Amino acid sequence: MAREQTKVSLRLPSIFLLLTLAVLLLFSSSTLFFPPASSKTSPPLRRHSNHFCSNRAADLTRGFWSHDSRYKNHSRPLYDASCSFHRNAWNCLRNARKNMEAINSWVWIPEGCGGLPLPRIDPAAFLDAMRGRRIGFVGDSLNENFVVAFLCALGSADSGARKWKRKGAWRGGYFPKFDFTVAYHRAVLLAKYKWQPVEQLDLPNKDGLKGFYKVDVDIPADEWANITQFYDVLVFNTGHWWGLDKFPKETPLVFYKGGKPIVPPLEILNGLELVLQSMVSYINREIPVKVVKIWRTQSPRHFYGGKWNQNGSCLFTEPLKLEELDSWFDPRNKGVNKEAREVNFRIDRVIKGTDIQLLNLTHLSEFRADAHPAVWLGKKDAVTIWGQDCMHWCLPGLPDTWVDILSAQILYSLEAG
């Protein structure tokens with residue numbers, strides 16, 4: 001009897017070992033056949049191989065443009081006219097815009113880089129570092145211009161990249177090799193707005209109005225109100241629609257709060273500031289703290305001799321000089337391109353004290369009067385109908401420098417936690 005008990009006791013550890021191995025095998029095989037449910041928690045950031053010359057965006061956005069032949073390889077575009085994410089009007093290679101080689105021969109030399117050019121994005125390293133993450137852009141067509149440059153640059157590192165338009169995105173791309181998404185949500189005013197017949201205006205003075213656009217300053221546009229939990233990085237902009245050229249006195253913006261018109265009615269830039277305050281408050285309230293929130297400053301226009309609808313032109317062959325910038329852009333000069341600095345002043349005032357990072361791309365862009373599509377728009381009679389495009393940018397071109405700076409800021413922000 002004692003001998004049998006001894007045999008049983010000797011077998012028990014073996015039985016337990018076999019059971020343990022069986023359980024471990026079952027668990028491991030189940031994860032192969034039934035992958036764990038995806039978590040909303042972002043994956044840990046993979047360290048990137050790029051070594052940027054500064055971890056402060058401000059150090060990268062102050063500097064000067066150089067045409068030094070030593071940097072020829074540095075300025076070579078990462079993509080060409082065949083990029084599947086192109087928008088026709090900005091595909092200046094396909095549209096045979098003159099001077100494209102010259103446009104892309106200038107390199108940005110930031111103050112924080114010791115006299116060396118801004119490091120270019122390494123698309124493969126960036127995608128690898130951002131594996132499993134999502135970046136969303138919200139705003140007007142200048143943010144779309146930015147997104148297209150971003151998608152085309154990244155597409156050079158993933159041949160399987162494809163278009164992506166879920167979650168209400170206007171435009172976007174998915175990179176399956178890295179499970180990474182970039183998308184753009186079109187919301188030109190950020191706030192909700194809608195055309196209304198003049199009869200709906202609950203104000204006494206309706207003289208000369210053909211109708212109006214009701215702007216609910218305290219309600220974000222539907223196009224982005226419900227994406228606050230989806231992205232790991234969000235890049236906002238607005239400003240280019242806030243002018244009388246878009247909303248003339250016959251069809252103005254009329255501002256509402258709490259469903260009622262604001263009395264007395266606000267001038268357009270005062271309305272912009274109120275919308276900025278409301279949208280920034282919504283961002284701080286609804287978007288998780290861990291999400292990197294960036295606000296891009298204005299992209300400057302370069303209309304010469306008139307506004308976009310007054311035969312304004314931008315047929316320049318090289319960048320402006322530093323001493324020319326104030327004459328073009330200082331609001332005190334009341335020129336046609338003053339809106340960028342006017343809007344920036346309000347953005348800076350509203351964002352100050354929040355965790356929204358300011359990405360100031362205005363100054364480096366003010367120089368580049370040479371880099372717009374101008375008359376090369378890819379469609380017959382486009383210039384006759386719309387005028388020259390001295391607002392958006394050729395691709396490849398200036399927005400690729402924006403991509404270099406933004407990618408550095410995103411990686412540093414995520415690494416810093």
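1. Start where helix 5 meets helix 12: L142, N145, F146, A149 and F150 of helix 5 touch P399, D400, W402, V403 and L406 of helix 12 (contact means heavy atoms within 4.5 Å). By class, these residues are eight nonpolar, one polar and one charged. Here Ala, Val, Leu, Ile, Met, Phe, Trp, Tyr, Cys and Pro count as nonpolar, Asp, Glu, Lys and Arg as charged, and the others, Gly among them, as polar.

2. A word on the source: this is a predicted model, where local features need pLDDT of at least 70 and side-chain atom pairs pLDDT 80 or more, while totals for chains, interfaces and linings use all residues. Numbering runs from 1 along each chain as its sequence is written, and side-chain values use heavy atoms, leaving out hydrogens and water.

3. Now the disulfides (cysteine sulfur atoms within 2.5 Å): the whole structure has three. One joins C83 to C152, S to S 2.0 Å. C83 sits in the loop between strand 1 and helix 3, and C152 in helix 5, 69 residues apart. Helices (H or I, at least four residues) and strands (E, at least two) are DSSP runs, numbered from the N terminus.

4. Another disulfide links C92 and C394, S to S 2.1 Å. Its S-S torsion is about -80°, so this link is left-handed. Both C92 and C394 are buried (under 20% relative accessible area; exposed is over 50%, partly exposed in between, with a 1.4 Å probe and protein chains only).

5. C314 and C390 also pair up, with sulfur atoms 2.2 Å apart. C314 counts as buried because its relative accessibility is 0%.
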